[in-house]
Amino acid sequence: MLKKSVLLVAAAFTLAACSDDSKNSSTTAEPQQSAAEAPASTASDKLETRFVTIATGGASGPYNIIATALAEQYNKAYGVNSKTQTTGASVENINLINQDKVQMAFVMSDVLTDAINGENSFPAKIDKVQQIAALYPNYVQVVTSKRSGIKTLEDLRGKRVAVGDQNSGVEVNARNLINGFGMTYDDLRVDYLGYAEAADALKAGRIDAAFLTSGLPNASLMELQQSFDLQMVEIPADRIADIAKDKPYFVSLNIPAGTYGNDTDIPTAAIQNALVIHKDISEDDGYKLTKTFFESLEHLKSAHQAAGAITLEGAQSGLVAPLHPGAKKYYDEVAK
């Protein structure tokens, strides 16, 4: 169980930020229900949409674990066909919404910012994605071996480094941080590996370091520390502040002492997570999905403790995409 300080720090941070991990699923979500198929009115215990497929990330990541618990709640509350889809995370998740293949997704705020602006991985602006809530902070967890001699990001030059699945949220922020330290991928030997693959590669000595960006704790790192001389790489707050001048979604937070057997707090970068939804989901459905999400927080927290940092009070802080009308209706209601 993380220390109480983790939750306090995370709650103070404007909550939200991907998950990464294993290779993309071959599962194809059910198609988005068109407006013409939706009934004019819906009972309080039903949804207009027939499907609530939630795009996540790798199987062992917090996105997948939390979303699986959320889908269970939607099934229970509305009898809807709700399920998760394992993906390469943020970039793929946004593209799946844009292709009308999923209805909801967990994404990182840096990738979401790129999507709505039509930058980097997105050649055109994405306008089908709206936001339900800001969530919990994702911590950039750069891990290596105590024997590697790697102490800072500068020490990654010339090393074999796993940066997450290609075009995942992990990979996007890894690239931004590496660039912020005056390097490019040309200065490293890059492998595109998700959480579990990166942990296995570290253990086998095939790579020197890995980026695993997620909520705390990361299951793959928890398992890795049992049989590996794990060491976290620090990212100093002053360097993060410099990088944040151009990439304002980066903030400085500490990985608390004891999280992975570390004796002291480890300064690192953090990024908000976001829960997003297809804009064509009706206002009434968006309201119900938002309401059930917040009423299920205790259940989600029992699935993964990163969800313990999600609060109704912080859910509208740091929004980077347009707020879905149904979510706005819920927030206006609870504010009365």
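Select Asp208 and Arg160 to start. In this predicted model, the two form a salt bridge, with their closest N and O atoms 3.0 Å apart. Asp208 lies in the loop between helix H6 (195–204) and strand E7 (209–214), and Arg160 in strand E5 (residues 160–162), so the pair ties together parts that are 48 residues apart in sequence. Now check the cover on each partner. Asp208 has a relative accessible area of 18%, which is under the 20% cut-off, so it is buried. Arg160, at 26%, is partly exposed.

Next, select Lys128 and Asp100. Here is another salt bridge, its closest N and O atoms 3.2 Å apart. Lys128 is in the loop between helix H4 (109–117) and strand E4 (129–145). Asp100 is in the loop between helix H3 (90–98) and strand E3 (104–108). The pair links distant parts of the chain, 28 residues apart. Asp100 is partly exposed, at 27% relative accessibility.

Move on to Lys245 and Asp242. Their side chains meet in a salt bridge at 3.6 Å, N to O. Lys245 is exposed at 67% relative accessibility, while Asp242 is partly exposed at 42%. How many salt bridges are there by this rule? The count is eleven.

Now turn to the rings. The structure holds eight aromatic pairs. Select Phe293 and Phe294: their ring centres are 5.0 Å apart and their planes stand at 80 degrees, so the pair is edge-to-face. Phe293 is buried, with 0% relative accessibility. Phe294 is buried too, at 9%.

The charged end of Lys329 sits over the Tyr287 ring, 4.9 Å from its centre. For another such contact, select Arg239 and Phe181. The charged end of Arg239 sits over the ring of Phe181, 4.1 Å from the ring centre.

Next comes helix H2, residues 62–78. Its 17 residues, at 1.5 Å a residue, should span 24 Å. The end C-alpha atoms are 24 Å apart, which agrees. Colour its buried residues, among them Tyr63, Ile66, Leu70, Tyr74 and Tyr78. Then click on Gly79, which follows H2 and has a positive phi, near 60 degrees.

Finally, zoom out. The chain has eleven helices and ten strands. Of its 336 residues, 55% are buried. Show the surface: the accessible area comes to about 13200 Å², and 48% of that belongs to carbon and sulfur atoms.

Technical notes
Residues numbered from 1 in each chain as written. Predicted model: local features only at pLDDT ≥ 70, side-chain atom pairs only at ≥ 80, totals over all residues. Heavy atoms only, no water. Helix = DSSP H or I, 4+ residues; strand = E, 2+ residues; numbered from the N terminus. Expected span 1.5 Å × (residues − 1). Buried < 20%, exposed > 50% of the residue type's maximum accessible area, 1.4 Å probe, protein only. Phe/Tyr/Trp six-rings, centres within 6.5 Å; stacked < 30°, edge-to-face > 60°. Lys NZ or Arg CZ within 6 Å of the ring centre and 35° of its normal. Areas by Shrake-Rupley, 256 points an atom, 1.4 Å probe, with all protein chains shown as cover. Salt bridge = Lys/Arg side-chain N within 4 Å of Asp/Glu carboxyl O.
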